[in-house]
Amino acid sequence: NNLKRGQIMVGQKLILPNTQKAIYTVRRGDNLNKVARDFNLPVETLMRLNSMKKRSINAGQKLIVNMD
């Protein structure tokens, strides 16, 4: 995408890799490690996909997950 800064502008088009994404709704008793393991993702990737700074999640929260 040839980004020179870490910012994107409204309306800017980005090229995304050919990945399939889904939305997962966090259930009671879930934790980030379990969700990452269930979708075969490193925790760090799951956090990056969801712009998370902390590892805490709550029931009902929606998370983007890779389906590849």
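Is Asn50 buried or exposed? Asn50 is buried, because its relative accessible area is 17%, and buried here means under 20% relative accessible area, while exposed means over 50% and partly exposed lies in between (1.4 Å probe, protein chains only).

## About the model

This is a predicted model, in which local features need pLDDT of at least 70 and side-chain atom pairs count only at pLDDT 80 or more, whereas totals for chains, interfaces and linings use all residues. Residues are numbered from 1 along each chain as its sequence is written, and side-chain values use heavy atoms, with hydrogens and water left out.

## Overall form

The protein has two helices and two strands, and read from the N terminus these elements follow the order β-α-α-β. Helices (H or I, at least four residues) and strands (E, at least two) are taken as DSSP runs and numbered from the N terminus.

The C-alpha trace spans about 40 × 25 × 20 Å along its principal axes. The radius of gyration, which is taken over C-alpha atoms, is compared with a globule rule of 2.2 Å times the number of residues to the power 0.38; a compact globule of 68 residues would have a value near 11 Å, but the protein has 14 Å. Of the 68 residues, 26% are buried. The accessible surface comes to about 5800 Å², and carbon and sulfur atoms account for 50% of that surface; such areas come from the Shrake-Rupley method with a 1.4 Å probe, and for residues only the protein chains shown count as cover. If one takes the contacts (heavy atoms within 4.5 Å) between residues at least 6 apart in sequence, 53% of them join residues at least 24 apart.

## Asn50 and its surroundings

When neighbours within four places in sequence are left aside, Asn50 is in contact with Lys62, Leu63 and Ile64.

## Salt bridges

How many salt bridges does a search of the whole structure find? The search finds three, a salt bridge being a side-chain nitrogen of Lys or Arg within 4 Å of a carboxyl oxygen of Asp or Glu. Asp30, Lys34 and Asp38 are linked in a network of such bridges. Asp38 and Lys34 are separated by about one helical turn, because they are four residues apart in helix α1 (residues 32–38). Asp30 is buried, with a relative accessible area of 14%, whereas Lys34 is partly exposed at 28% and Asp38 is partly exposed at 48%.

Arg55 forms a salt bridge with Glu44, and their closest N and O atoms are 3.5 Å apart. This pair links distant parts of the chain, since Arg55 is in the loop between α2 (43–49) and β2 (62–66), while Glu44 is in helix α2, eleven residues apart. Arg55 counts as partly exposed, because its relative accessible area is 45%.

## Two residues with positive phi

Most residues other than glycine have a negative phi, and most peptide bonds are trans. Asn40, although not a glycine, has a positive phi of about 55°; Asn40 is found in the loop between α1 and α2 and is exposed, with a relative accessible area of 70%. Ser51 is likewise not a glycine and has a positive phi of about 50°. Ser51 is placed in the loop between α2 and β2 and counts as exposed at 65% relative accessibility.

## A nonpolar surface patch

Leu3, Ile8 and Leu14 make a nonpolar surface patch of about 250 Å². Patches are made of residues with over 30% relative accessible area and no salt bridge, where like charges are joined within 9 Å and nonpolar side chains (Val, Leu, Ile, Met, Phe, Trp, Tyr) within 5 Å. Leu3 is in the segment before β1 (21–25), and with 43% relative accessibility Leu3 counts as partly exposed.
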